Amino acid sequence: MSPPPSKDPATVGGGQPGSTISRRQPGDRPADGAVEDLNASIFVAGHRGLVGSAICRRLAAEGFTNVLTVPRRDLDLRDQSAVARWFDANRPDHVYLVAGTVGGIMANSTRQAEFLYDNMMIHATVIEAARRFEVRKLLYLGSACVYPRLSPQPIPEAALLTGPLEPTNEGYSLAKIAGIRLCQFYRKQYGCNFITAMPTNLYGPNDNFDLRQSHVLPALMRKFHEAKIRGETGVEIWGTGKARREFLHVDDLADACLFLMDHFEGEGHINVGTGVDHSIGDLAAAIRDVVHPEADMIFDTTKPDGMPRRVLDVTMINRLGWRARIDLADGIASTYDWYREAIDATSAPGAATDPRLQVRLDGELSDVG
Ligand SMILES: NC(=O)c1ccc[n+]([C@@H]2O[C@H](COP(=O)([O-])OP(=O)(O)OC[C@H]3O[C@@H](n4cnc5c(N)ncnc54)[C@H](OP(=O)(O)O)[C@@H]3O)[C@@H](O)[C@H]2O)c1
């Protein structure tokens with residue numbers, strides 16, 4: 001028997017268990033399967049990660065009383081029997097499926113088998129258990145990486161499966177596409193209310209700052225921070241700085257996830273982003289201004305830029321009534337506050353080390369989601 005879920009008091013909201021607290025406002029027109037009351041049982045799969053922790057914070061802020069989480073050491077989400085036992089014992093009504101093996105271009109390109117296997121297994125086990133144990137609604141997170149390498153920009157939802165994928169993250173992308181299709185086929189064949197959303201590049205508290213795996217924004221933040229600590233002024237940035245990318249604060253994504261659970265239904269997937277792109281040079285300058293204003297940016301043009309531009313078309317989610325709110329400069333400043341506090345906390349005597357913050361290597365800069 002799997003252990004019972006942990007209900008981390010830090011992530012579970014207030015309210016009175018047992019009573020029904022309606023979330024509906026007059027005039028609100030919720031979608032099928034919307035979370036109707038604050039006592040609904042909600043499983044966040046992947047709650048310790050960048051996205052999962054933001055969803056837990058958001059659920060807590062809204063006052064949800066019955067948020068279920070379980071650490072990986074107690075439940076390996078790749079294990080179908082264990083996942084089925086856990087669902088049987090805990091019977092969640094709603095699921096945010098945001099667990100996965102995630103990383104930057106080096107991790108993605110050198111561990112393609114792992115990225116394909118882990119992600120396919122996690123999606124398959126949780127989606128099948130959600131069907132068997134009659135979850136009312138499940139939100140599955142894909143990634144902007146599912147779109148073909150040569151998609152039109154901004155990338156519309158319709159670009160899915162219209163061309164070859166970026167080879168460096170093909171394993172990850174194929175798994176994510178399989179997850180989207182699995183949700184769609186479960187909806188068609190079994191009538192399951194499973195929806196899918198494709199977020200752009202994310203950043204924020206609890207991001208991964210291990211340079212072997214991190215994405216471009218935390219990697220740059222860490223490079224500027226360490227240059228400042230070492231008293232260095234030159235900071236090397238991969239590529240020309242001209243490539244353009246979109247960055248969404250994870251608290252905005254969490255807001256979008258709750259919004260979609262309540263207001264989105266149907267078979268198609270939906271993009272989640274700001275719709276605004278920035279050059280890597282401008283991003284680096286914004287991070288430098290916050291972290292280490294004296295630093296000089298040295299662009300290593302021998303390193304690849306990747307795709308010249310990647311930004312999502314967010315017309316569909318905007319039309320539904322949602323848009324991103326956190327400005328990039330504000331998001332960088334608050335993320336850096338979190339990073340400094342986390343570094344201080346983990347370097348205190350006797351503190352547990354966090355590999356996502358502590359590993360120190362010369363790493364890559366990438367935008368693989
Ligand atoms: N980060 C981005 O920029 C980005 C962009 C687009 C889409 N996404 C998608 O968003 C989702 C979450 O990404 P993230 O950035 O939050 O990743 P993350 O920070 O690495 O978190 C992943 C979470 O999944 C858990 N997990 C992984 N394998 C597991 C397993 N076998 N059993 C149980 N738990 C497991 C991890 O547990 P531990 O804490 O124990 O490691 C962690 O809590 C993923 O589906 C990803 O594809 C992310």
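Two exercises with worked solutions follow. The model is predicted, so local features need pLDDT of at least 70 and side-chain atom pairs count only at pLDDT 80 or more, while totals for chains, interfaces and linings use all residues. Residues are numbered from 1 along each chain as its sequence is written.

**Exercise 1.** Find where Thr 301 lies, and decide whether Thr 301 is buried, exposed or partly exposed.

*Solution.*
1. Helices (H or I, at least four residues) and strands (E, at least two) are DSSP runs, numbered from the N terminus.
2. Thr 301 sits in the loop between β12 (296-300) and β13 (309-310).
3. A residue is buried if 20 or more other C-beta atoms, placed from the backbone, lie within 10 Å of its own, exposed if 12 or fewer, and partly exposed in between.
4. Thr 301 has 13 other C-beta atoms within 10 Å, so Thr 301 is partly exposed.
5. The C-alpha atoms of Thr 301 and Ile 237 are 8.7 Å apart, though 64 residues separate them along the chain.

**Exercise 2.** Describe how helix α2 and helix α4 cross, and list the residues that make the contact.

*Solution.*
1. The axes (lines fitted to C-alpha atoms over the stretch in contact, with angles from 0 to 180 degrees between N-to-C directions) are needed before anything else can be stated.
2. For α2 (residues 80-90) and α4 (residues 112-132), the axes come within 9 Å and cross at roughly 35 degrees.
3. Two residues are in contact if their C-beta atoms, placed from the backbone, lie within 7 Å.
4. Gln 80, Val 83, Ala 84 and Phe 87 of α2 meet Thr 125, Val 126, Glu 128, Ala 129 and Arg 132 of α4.
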